[in-house]
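Take a look at the model below. We will walk through it step by step, beginning with a sheet.

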Amino acid sequence: MSLIATLARLEAVSTGRAQPAATVRHRRLSERPLVFVPLTTAGEAGAPLGALVGTDRDAPHLLVVPQPRDRDLRFAFLSELADIVLPYIDTYADDVEAAERNETDPETGKRVKVEVELCADAPQLIVPSRAGIDFVRLLGRSMRFRRTAEQDPEAPYPAPPRVPLLGRWLTHFGERARVPGSSLLLAMTDVLSRHWATGQSTLEDQHLGALLAWIAPPEGETGAEAALRAELARDREGQLLCPPAGPATDPAFDNKLLAPAIERYDRARTALAAAEDGLEADDRLGDLTAAEREIRALVESRTRPTWDAVWRGLELLRELPEAGRVEERWTRDRWSFTGHRDRVVAGEPPQPRRDDAVTAANKLAAREREQARLEAQEALDDPLVMAGRRLAGEAFAGEVTEVVMAYSEGKRPSPRPLVTVRTDDRPHLGERAKVFRSLGGKPQAAEFVGYEGELEDGGALVVLRALDKMGRGKEPEEGSVPEKGDLICFTTFEHEQRGGAKLPDPEQTPWTHGGPPGEQESETADPLTAEDVL
Amino acid sequence: MPLPRTRGTALRHRLAELRGPDVPAKALDARALAALAANPGCKRRAILDGAGVNKAALAGALGSPSVFGQSQFAFTRGNAFEAKVKADGGAELLRLVHEKLDRTAEPPAHAHVPELTATGPEGRTARTALALREATEASGEWTLLDHPMLALDVAGSPAFLEPDAVVVHPDSSWTVVEIKSFPMLDGSADPAKVGAAARQSAVYVLALEQIAARLGSGPEGGATPAPRVRHRVLLVCPKDFSNLPTASAVDVRKQRAVTARQLARLTRIEDIADTLPAGTCFSPDLPTADLTAAVESVPATYAPECLSACELAFHCRARSRASGAVTSLGRSVRAELGGLTTVEDVLSAARGETGDPDDPAVAALRRAARLRAEALGTEAVAPCH
Amino acid sequence: MTSAFDPGAAATRATDAILRDTLHGTARGVVVDSPPGAGKSTLVVRAALELADAGRPLMVVAQTNAQVDDLVLRLAEKNPELPVGRLHSSDADPYDKALDDLPNVRKSAKAGDLTGLSVVISTAAKWAHVKVDEPWRHAIVDEAYQMRSDSLLAVAGLFERALFVGDPGQLDPFAIVGSEQWAGLSYDPSASAVTTLLAHNPELPQHRLPVSWRLPASAAPLVSDAFYPYTPFRSGTGHDDRRLAFAVPSDGSGPDRVIDEAAEAGWGLLELPARHTPRTDPEAVRAVATVVRRLLDRGGAATSERSPDPAPLTADRIAVGTAHRDQAAAVRAALAELGVTDVTVDTANRLQGREYDVTVVLHPLSGRPDATAFHLETGRLCVLASRHRHACIVVCRAGVSELLDDYPSTEPVQLGTLVKFPDGWEANHAVLARLAEHRVAWRPS
């Protein structure tokens, strides 16, 4: 943790309220995000118990699996979920704008510009916590290899029609969420703790209720008090007042409330099946409906507080102005979304269970690039983030005290002015180190020449030679060279990321990495057994 | 590392006093022993565990009850899965051991599954030791020990441990089998859970090594070498979304070394016990104030990780926060604070009210505070963007 | 008892076997593990010259520009006639200016300009951008353990077969983002190139260089036991082959006493009183600087198998190693205050592959309130403890042993991954135990 972040946390402890960790919002928030608050069944791999889902804060859809071990009921849940999520995604898939993309011409091997569609906006999924993101991935994995009756009439337990497609989309969202700075799928706890420092540990920040308690404590209470209540307070029946944000439930809820309710449901179902005439069946159907209603009420009672908390979090985040470079990163999310839309439309198979060597390497490279981009952009967008970089010696800010015109040698001399900056920061500047400042949104490079004496107050005079962005002529373009008195900030890190090397195509995987993966067999569905959970 | 007898007896007596009159020692299981490595610097945990104090009961009596619980759904599913894995005389389980750990051996067509029931943990331990010896001598065969009982010497007292299964290979080597109900999805599993399982298995490996050493040096078996306890254990989990078993070999050498060290260090509980005021007692029947004082008489090193590893964590957290310890925000927070350990000390140093400006921690804090204030708009901001 | 062991013969046998497999073997790859100072560069240069002699076009992949330039210089030194290509980036100052003085070294940012040369050398990053119609017959991949798997993936298509050389005990490559999703896959892109190579080609011949010519007899056993438990090596020199002496006698201060201890024993621990400090602990930094100053002031002279006549211990034969950059910066500043400018001060990462007569190390755990995985990383300590030919002096606050004991070990475990040995905890304890035998406690005034 950087010292600035530590200080913010300690100030939060001492003031009883979370302190800003950012001055602007570094993630895109859609105008119409889809909030998803799932619950899962303890001990089962990805057997959902229920969820609240929707785009309307006041009218969430409640989906419930009254007996999570029943395959048909789970399929019904997933089918309902698909009926909510897929239409939401579709609204973004259809609205496109024209864009250009660089592609390699298969005939000439040259890079050419191709006119393509780019979705004008992209959908956004919000889950309460990081565990929610894992659950989205798990659901995606559990669904995308399923076969519908239409795809495979022989399938022993055919999935409802749109379920495999939902699996592919959730997989895409889950995978995109691994890309630093992306906003297609966000965990509320992550976004909130990116923007506020609480008076508790990062581990405790994973609790959405406690985190919100620090950021916006109720009137007359400190964050610590409110957080403690959110974590531990229980009602007379021993149930948590602020249920966990899921997908895992509190064992006390499982054991005291849910298990008996599921048992009643099972009994009612058995009784209904055993009914001997219509009248009896009607009666027993009533019992079953009541039992199901009870479970629905239980699931709603555990998810609704979290649902409200997620929307409260969104509200708080919207109060922060969006950072300048968020739009650019969101455009990358739109490309990602459009790309997957195109793959689905083109009839490509679902994402494989494991990446091949080339795909894995490409993903890692892309994510490292995005991480560097995110770190640079957040610093450039946010003086508080830049303050951390300055403290770490990776940037320095100060006033221009002198500018001396100088020129490069050679036939066509170019401007290479010497700029002296007076700073109190202590940047790590090696010999001829390159530094960058943002000039009209573009990085201008300069070279560290040396220090000019030492100042009594501990400050330093840094002499730099500007290297580029001054135009083609001998004299620099207007405004391209800092002037005396300017307040200016240079970074030792680059502002833009270079593209990495092009890796071979998967079919060209070298012998060091196992050679070509061979003809990709289409991934088969998971084998099914009678007691399978999903 | 067993203590000399007399010293051990005195220590046992002392620890019984700490538990309180008539309070039985809470048996340490493998999970508890594995957890010793979670916060080895904590003297409070060391003495409470070493003395066999029931920390959950203690936490309740202190007014900060522990929050650990298990859902009955998970419990039921775990039991059902284990039963499935061991069905048919462990045929599937042995198949997995053969496939994942010992492919060159004869495949296990049929296996011995000795009866291990006996009275009391000591009886079961003796029965297990006997079964292990017989299986080891009958080389060339596969033997499955279902829920054997192993004794491990912990600071002079035996802890009784019950692994899910131990398999004796045809080459007379032994393998620990751990059955868990979390899934292996496409060949990978939750690393935190696998780590916990590996630490737990490592405790069984240590216990088996003690038995093996005795077999190798026993009066009858003086000439035979001690059987080899394999350092790769078999972790069995449900495959993907099914309840079909799948398995993976897990190398527990590291965890074994860590746990062995921590067990050896447990002997220092005597030193900790010596520092306690006479009459210190952790019996949950005592008045809260007395109990709080008793607990406070042993220093704790609370860190947020304790919340998921120790029953007493909420109590210690409250104390840590009340005393203003910066580590209540995480161990790493201290890294750059040098000798400053409390929230107030750090903030006042940052504000320039206290602290030596030549101390680099203090100087860095002041720079951090100045930069932070500047960025938040209390001072002029350079246009970085 | 070393009479039975002839280090020169053992090393020659190993080298011969490596060259035989490289030049005449059938395997596509040959892997060589080289412990610190075992003559890896010599091997690479020799293999390159022999491959060139055999008329096989050779590409050499190194990891940093400094390593590339160093190899070019060594090649030219051994065979000034050999046409060598130095492929470089298009950044400013892409290569060492010393290369401009070598008539048979051609430098270019375009691989096309270098075709036909016997040997072409560049970094993995630059090679990744090169496209060829016809792959090179042979490649040498240097520092292969510090190369990431994905980086090898990008260049492996450029050659038919390769010699992979590296030191498994130094710092592992790392990724700046999580890569757990690929853990356990044979081609995990964040793993080391050698890990992936051997996972897919377990039958490749594997060799190791058995003798460290750098580490003195006092250091090789400890470094071998602590960091290479399964691939031991020995020192090429005996206890009497090297001597470090000082003209100016000790003034009785802590720094002088630890210098004498290290001159005698090969190791010295200057232990400051226990205290929690920030990384740039001013007392420890000053202590490091003082030790260096005294090393220079006391007229040190090193005698070794290389120079039977005592060679003066000059600033360029001394290095200071730290764990963090800011510590290195603080030591440099402290040295400058004492008027010392030419001593190399750097982090473990940057000292990899370097060699000095005496090293002064600020222990990575000195003064820390907590140990972290970073500080326990085996490779970091291994690099810091294996750069010296004569003596290594460690400056550290007391209490590190307790800090290690209190380190929580609850690491997650990924299925299918190889457990890395040795464990940093064990290695740290082993080194500390040895250092404790050469401890000089000192309370700076």
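In what order do the 8 strands of the open sheet in chain C lie? The order is 4-3-5-2-6-7-1-8, and the pairing is parallel. Keep in mind that this is a predicted model. Strands of a sheet pair through backbone hydrogen bonds, either parallel or antiparallel.

From one strand to the next, the twist averages 20°.

Pick out one pair. Strand 1 (residues 29–33) and strand 7 (residues 159–166) of chain C run parallel and share 5 bridges. In one of these pairings, Val30(C) has Leu163(C) of strand 7 as its bridge partner.

Helix 3 (residues 65–78) of chain C lies across strand 2 (58–62), strand 3 (84–87), strand 4 and strand 5 (119–123) of chain C. Helix 3 of chain C runs at about 160° to strand 5 of chain C.

Next, turn to chain A and its helices. Two packed helices are described by the angle between their axes and the distance between the axes. The axes of helix 2 (residues 71–93) and helix 4 (residues 163–176) of chain A come within 9 Å and cross at roughly 60°. These two helices of chain A are therefore oblique to each other. Their crossing is left-handed. Helix 2 of chain A brings residues including Phe75(A), Leu78(A) and Val85(A) to the contact. Helix 4 of chain A brings Val163(A), Leu165(A), Leu166(A) and Trp169(A). By class, the contact has 11 nonpolar residues, 1 polar and no charged.

Where they touch, 13 residues of domain 1 are in contact with 12 residues of domain 2. Helix 2 of chain B gives the most to the domain 1 side, with 4 residues. That side has 8 nonpolar, 2 polar and 3 charged residues.

Chain B also touches chain A. Here 46 residues from chain B meet 53 residues from chain A. On the chain B side, helix 5 (72–101), helix 12 (343–350) and helix 13 (360–378) each supply at least two residues. Helix 13 of chain B gives the most, with 10 residues. The chain B side divides into 27 nonpolar, 11 polar and 8 charged residues.

How values were computed
Residues numbered from 1 in each chain as written. Chains lettered and ligands numbered in written order. Predicted model: local features only at pLDDT ≥ 70, side-chain atom pairs only at ≥ 80, totals over all residues. Contact = placed C-beta atoms within 7 Å. Nonpolar A, V, L, I, M, F, W, Y, C, P; charged D, E, K, R; others polar. Axes fitted to C-alpha atoms, helices over the stretch in contact; angles between N-to-C directions. Parallel < 35°, antiparallel > 145°, perpendicular 65-115°, else oblique. Left-handed = near helix turned anticlockwise from the far one by under 90°. Pairing = 2+ DSSP bridges.
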